[in-house]
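Work through these exercises with the sequence and the 3D view side by side. Try each task before reading its solution.

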Amino acid sequence: MRRVSIALVVAAMAPVAAHAQDAAPANVAGSFGGFRIEGNIGWDRTQSLGRGNNRLGYGGSAGWDGNLTDRIVVGPEVTYWRPNDNRNTNSVPGVNGGTVSHQGREMWSGDIRVGYRVTPDLLVFGKGGYVNQAQRSFFDAPAGQVGYATRGHADGYQFGGGVQFAPHDRFSFAPANMYVSAQYVYSQFDNHTRDQHAMAGVGFRFR
């Protein structure tokens, strides 16, 4: 169900992006139009049970950007994000003599992204959409009690923003379709847990 929801977000936006591409002048995309793929690495923070935990994370995205005007691009994006070791754990000791732990694991999302081309090689963007995270909970029981472990998925929304820079015009050794990025994303889930990550990335566009 969660991947169907993500697919619907992307499918709903694709005709809008395609129309934007057709409606705008053909020579204004600069380095920021067309299909793209990107790899990311950075900081992740899961918050639950009144606590937060920091960990390295990594992931990637795929998207398509169309030109809405000579400076504005818009399009759908699918992302994957995974805290290192596939988990980010918060624990609360002293619960009925034991410890309750929560793990935030891999995340999938479908976003709509809107960008503004500040210069031919610099894009500032914001995005938002649906997100789903795999989660686990554990109760480590003291002697004489029974512990438990549960697993499931939490739905939610997310929003964020960042910048993309295409280095080719200033550094000729860089591939013409390459860009670098930095962004921050906040995710809120329906079970009152949340995740934040700030990441750097390297991507390639294909037109």
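**Exercise 1. Find the hairpin formed by S1 and S2, and its turn residue with positive phi.**

Solution. Strands are DSSP runs (E, at least two residues), numbered from the N terminus. S1 and S2 make a hairpin, with 2 residues between them. Leucine 49 sits in the turn, and its phi is positive, about 55 degrees. This is a predicted model, in which local features need pLDDT of at least 70, side-chain atom pairs count only at pLDDT 80 or more, and totals for chains, interfaces and linings use all residues. Residues are numbered from 1 along each chain as its sequence is written, and side-chain values use heavy atoms, with hydrogens and water left out.

**Exercise 2. Name the strands that pair with S1.**

Solution. Two strands pair if DSSP finds at least two bridges between them. Start with S1 (residues 34–48) and S2: they are antiparallel, with 15 bridges. Next take S1 and S9, also antiparallel, joined by 13 bridges. Now look at glutamate 38. Serine 61 in S2 stands opposite glutamate 38. Glycine 203 in S9 also stands opposite glutamate 38.

**Exercise 3. Trace the pairing from S6 through S7 to S8.**

Solution. S6 runs antiparallel to S7 (residues 148–165), over 18 bridges. Here lysine 127 faces glycine 160 in S7. S7 then joins S8, again antiparallel, by 10 bridges. Phenylalanine 159 has tyrosine 186 in S8 as its bridge partner.

**Exercise 4. Describe the aromatic pair of tyrosine 80 and tryptophan 108.**

Solution. Rings of Phe, Tyr and Trp (its six-membered ring) pair if their centres lie within 6.5 Å; planes under 30 degrees apart count as stacked, over 60 as edge-to-face and the rest as tilted. The whole structure has 5 aromatic pairs. In this one, the centres are 4.9 Å apart and the planes 55 degrees apart, so the pair is tilted. Tyrosine 80 belongs to strand S3 and tryptophan 108 to strand S5, so the pair ties together parts 28 residues apart in sequence.

**Exercise 5. How far can the chain be trusted, by pLDDT?**

Solution. pLDDT is the predictor's confidence in each residue, from 0 to 100. The protein chain has a mean of 86. In it, 85% of residues reach 70 or more. Residues 16–29 stay under 50. For residues 16–29 the model has 24 contacts (heavy atoms within 4.5 Å) beyond four places in sequence.

Technical notes
Helices (H or I, at least four residues) and strands (E, at least two) are DSSP runs, numbered from the N terminus.
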